[in-house]
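Here is a brief report on side-chain contacts and strand pairing. Read it alongside the coordinates.

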Amino acid sequence: MLVTIFKRSAQAALLASFSFAAVAADDLAAGKGIYDKACFACHKSGVMGAPKLGVKEDWQVRVDQGRKTLLDHALNGLNSMPARGGNPALSDADITNAVAYMVDAAGLKLDGGAAKAAAAKPVEKKAPVKPVAKAEPKAEPKAKSAPVAAAKPKPTVKFNRLMKSADEWNPPPAEDGIHDPDNEGVVLLQSPREGMQGFAPGISGNRVDWVKTLEAGTINPRFDRLDPTKKPFVMDLNIVREVKGSMPDVVYPHKQHTEWLDCSNCHPDIFVPKKGANQISMAAILLGQKCGVCHGKVAFPVTECKRCHSKSKKSVAFKE
Amino acid sequence: MMKAVSTLATVRRIALAMCLLLGGLIGSTAAHAEYGDIVINNYSDEAGMRPAIFPHWFHRIRFRCKVCHADLGFKFQAGGNKINMLKIIDGEFCGACHNGEIAWSPENCNLCHSGKPGTPTQVHHSTVQKLVDRK
């Protein structure tokens with residue numbers, strides 16, 4: 001019960017605050033600043049269906065839904081659009097300004113559409129009551145109807161609440177938890193989302209399939225520190241390791257590994273280059289040994305079972 | 001009897017491992033930086049500098065693993081290389097490229113020394129960190 005009250009008052013506060021923002025004039029210049037810092041990562045090139053900057057058709061449908069809906073989606077998220085563009089530090093006014101800037105860049109007006117202006121108005125009327133009135137629970141019944149209606153279109157339900165959604169991966173350095181945002185150098189560092197744009201998507205790690213990205217030629221990392229023409233010595237040899245139980249056998253491809261690495265990286269320190277000489281277990285890998293020297297640190301982690309356990313066993317006829 | 005005791009110990013060990021594993025997979029840490037970011041804090045805190053952060057993703061776009069891990073002699077271990085500024089200025093480790101010719105020079109202190117003070121040496125967001133280090 002207490003939780004629902006909290007939720008409701010939070011929703012009411014949010015509603016109140018953004019209808020306040022609606023009253024204030026949108027600051028396009030400030031909006032551009034926010035866009036250049038955060039929104040551009042998706043809205044410049046149209047990542048995952050994001051409406052592109054300056055493309056009228058993309059924005060028209062959004063503007064047609066009305067200011068309130070558009071801002072609600074920007075603030076609370078919709079489909080691939082994370083709430084506040086994935087940056088909780090941005091205020092309602094920041095988001096509103098950024099949206100206004102992007103809408104303006106598409107040659108449209110955020111307030112467009114008479115029907116929507118009317119829809120937004122009742123909320124504005126209600127809003128001044130709340131910030132003043134300290135007794136939020138009192139205002140609650142009034143607010144109730146609006147948040148419920150507003151809550152419906154936002155699909156905040158995730159596939160798994162314990163797993164981060166795609167938009168939460170690769171945060172900019174200042175927000176990643178280990179970089180110090182007070183350090184002025186941090187703002188100069190490239191954001192991973194920007195740096196890895198257009199790479200083959202992966203399902204774990206930094207959400208990049210590095211092998212495919214390299215194969216596709218999207219990146220061409222040097223094999224030599226100084227000589228960009230030097231090519232790796234690629235060895236195409238698969239090693240099959242039979243494993244216990246019903247788990248598919250492991251196929252270890254030298255090819256993909258030698259694209260990146262030198263023989264001496266693994267042999268003989270990590271793996272003795274002799275059949276049957278290496279005891280490998282998932283426990284050892286999880287603890288950072290054997291394959292785990294890289295896999296689970298910089299290469300795809302063990303959660304992608306089937307990338308290694310890829311050779312299914314022949315089914316054996318069941319006998320009693 | 002001895003056997004029973006050792007079996008019990010094994011069971012206990014497995015149970016502990018499972019707990020660790022589950023704890024690691026379920027417990028989400030507040031910090032969630034880029035997969036493969038290395039924090040190196042061998043000497044930084046003592047010297048009053050922020051710990052250095054090495055972003056693997058940025059470097060592997062430009063160089064294959066072999067360049068640093070075979071040619072330049074970087075061990076596959078966070079903090080295991082005992083890198084200091086003297087070595088870097090002498091052209092070892094990071095200094096092999098960060099010399100103002102291939103990449104920017106080591107005078108840009110705060111581009112590397114950019115971590116939150118007190119962050120321990122780690123491979124950020126790695127499986128080992130989640131299961132064992134819990135930093």
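## Charges over rings

B:R60 lies over the face of A:W260, 4.7 Å from the ring centre. This is a predicted model. A second case sits within chain B. There, the charged end of B:R62 is placed over the ring of B:F58, at 3.7 Å from its centre.

## A salt bridge between chains

Side chains of opposite charge can pair when their charged atoms come close. Over all chains, the structure holds ten salt bridges. One of them is formed by the side chains of B:R50 and A:D180, at 2.7 Å from N to O. B:R50 lies in the loop between β1 (37-40) and β2 (52-55) of chain B, and A:D180 in the loop between α8 (136-151) and α9 of chain A, so the pair joins two chains.

A:D180 is buried, at 8%.

## A salt-bridge network in chain A

Four residues are linked in a network of salt bridges: A:D209, A:K212, A:E304 and A:R307. Take A:R307 and A:D209. Their side chains meet in a salt bridge of 3.4 Å, N to O. The pair links distant parts of the chain, 98 residues apart. A:R307 belongs to helix α14 (residues 305-308) of chain A, while A:D209 is in the loop between α9 and α10 of chain A.

A:R307 also forms a salt bridge with A:E304, where the closest N and O atoms are 3.0 Å apart. A:R307 counts as partly exposed because its relative accessibility is 33%, and the cut-off for buried is under 20%. A:D209 is buried, with a relative accessible area of 8%. A:E304 is buried too, at 10%.

## Aromatic pairs

A pair of aromatic rings is described by the distance of the centres and the angle of the planes. The whole structure has four aromatic pairs over all chains. One of them joins A:Y35 and A:Y101: the ring centres are 5.4 Å apart and the planes stand at 55°, so the pair is tilted. A:Y35 lies in helix α2 (residues 28-43) of chain A and A:Y101 in helix α5 (residues 92-105) of chain A, so the pair ties together parts that are 66 residues apart in sequence. Both A:Y35 and A:Y101 are buried.

A:F199 and A:W210 make an edge-to-face pair, 5.8 Å centre to centre with 75° between the planes. A:F199 is in the loop between α9 and α10 of chain A and A:W210 in helix α10 of chain A, so this pair ties together parts that are eleven residues apart in sequence. A:F199 is buried, with a relative accessible area of 13%. A:W210 counts as buried at 6% relative accessibility.

## A polar partner for A:W210

Which side chain makes a polar contact with the side chain of A:W210? That of A:N206, at 3.1 Å. A:N206 lies in the loop between α9 (192-195) and α10 (210-215) of chain A. A:N206 is buried, at 3% relative accessible area.

## The sheet of chain A

Three strands of chain A form an open sheet, ordered β1-β2-β3, with antiparallel pairing. β1 (238-241) and β3 (309-311) are the edge strands, and each pairs on one side only. Neighbouring strands are turned by 55° against each other on average, direction ignored.

Four bridges join β1(A) to the antiparallel strand β2 (residues 249-253) of chain A. In β2(A), A:P253 is the bridge partner of A:N238.

Technical notes: Residues are numbered from 1 along each chain as its sequence is written. Chains are lettered from A and ligands numbered from 1 in the order in which they are written. This is a predicted model: local features need pLDDT of at least 70, side-chain atom pairs count only at pLDDT 80 or more; totals for chains, interfaces and linings use all residues. Side-chain values use heavy atoms; hydrogens and water are left out. Two strands pair if DSSP finds at least two bridges between them. Axes are lines fitted to C-alpha atoms, for helices over the stretch in contact, and angles run from 0 to 180 degrees between N-to-C directions. Buried means under 20% relative accessible area, exposed over 50%, partly exposed in between (1.4 Å probe, protein chains only). A polar contact is a pair of N or O atoms within 3.5 Å; within protein, one must be able to donate a hydrogen and the other to accept it, and residues adjacent in sequence count only if both atoms are side-chain atoms. Rings of Phe, Tyr and Trp (its six-membered ring) pair if their centres lie within 6.5 Å; planes under 30 degrees apart count as stacked, over 60 as edge-to-face and the rest as tilted. A charge sits over a ring if NZ of Lys or CZ of Arg is within 6 Å of the ring centre and within 35 degrees of the ring normal.
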